[in-house]
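Opening the notebook on this one.

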Amino acid sequence: MTQEHTYPRSFSHIGLSVPDIHAAVKFYTEVMGWYVIMDASEVTEDESAIGVMSSAVFGTGWGSYKIAHLATGDGIGVEMFEFAKNTQPDDNFKYWETGIFHYGVQDPDIEGLVEKIKAHGGKQRMPIKEYYPGEKPYKMVYMEDPFGNLVEIYTHSYELTYSQGGY
């Protein structure tokens, strides 16, 4: 019998639901510097390949949505979805519900990015925290984009930050 080996998969992309696709594309290109790889377009509930695939995922009755594709500096994809019946999350996001509740980015100028996000309508959810004060210059903070999506910002890579094995 051959033993299967598990190998680490690469991260490909994430999908974000936003209330206004054009405002979101503008925010993420201007604030995060991500670039558009496919302009916003509309997908409808029909017999096209994307219509059939969307019905398989969303069920029936979704009608239509808008979608745009962006990419980060390291080539990770970001799909932006604007659904017709979207609702803005309230200020107290439901952290106890399972599923993705934030995404993370890395920027050595954490203070600058915090101010840029706030200047473009986002919120700072906590003060900037130093990991390993006096030992290493690692910092992090949770922010919120203007659309209710949480973003965690690190000054250093995820691996460097957590390879110490503790907080």
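**Pocket**

I looked up the largest pocket first, and it holds about 860 Å³ of space. My pocket is an open set of points on a 1 Å grid over the protein atoms alone, where a 1.4 Å probe fits, with protein on both sides within 12 Å along at least five of seven lines; lining residues have an atom within 4 Å of a point. The volume is the space filled by probe spheres set on the points, which are joined across faces, edges and corners.

This is a predicted model, where local features need pLDDT of at least 70 and side-chain atom pairs pLDDT 80 or more, while totals for chains, interfaces and linings use all residues. Numbering runs from 1 along each chain as its sequence is written, and side-chain values use heavy atoms, without hydrogens or water.

Which residues are closest to the pocket centre? I find Asp-74, Tyr-103, Gly-104, Val-105 and Gln-106, out of 26 lining residues. β5 gives the largest share of the lining, five residues. The lining splits into 14 nonpolar, eight polar and four charged (Ala, Val, Leu, Ile, Met, Phe, Trp, Tyr, Cys and Pro count as nonpolar, Asp, Glu, Lys and Arg as charged, the others, Gly among them, as polar).

**Fold**

I note four helices and nine strands (DSSP runs numbered from the N terminus: helices H or I, at least four residues; strands E, at least two). The order along the sequence is β-α-β-α-β-β-β-α-β-β-β-β-α.

**Helix pair**

α1 (residues 21-31) packs on α3 (residues 110-119) with the axes 11 Å apart, at an angle of about 155 degrees (axes are lines fitted to C-alpha atoms over the stretch in contact, angles run from 0 to 180 degrees between N-to-C directions). So α1 is roughly antiparallel to α3 (over 145 degrees). The contact (heavy atoms within 4.5 Å) uses Phe-27, Glu-30 and Val-31 of α1 and Leu-113, Lys-116 and Ile-117 of α3.

Notes. Parallel < 35°, antiparallel > 145°, perpendicular 65-115°, else oblique.
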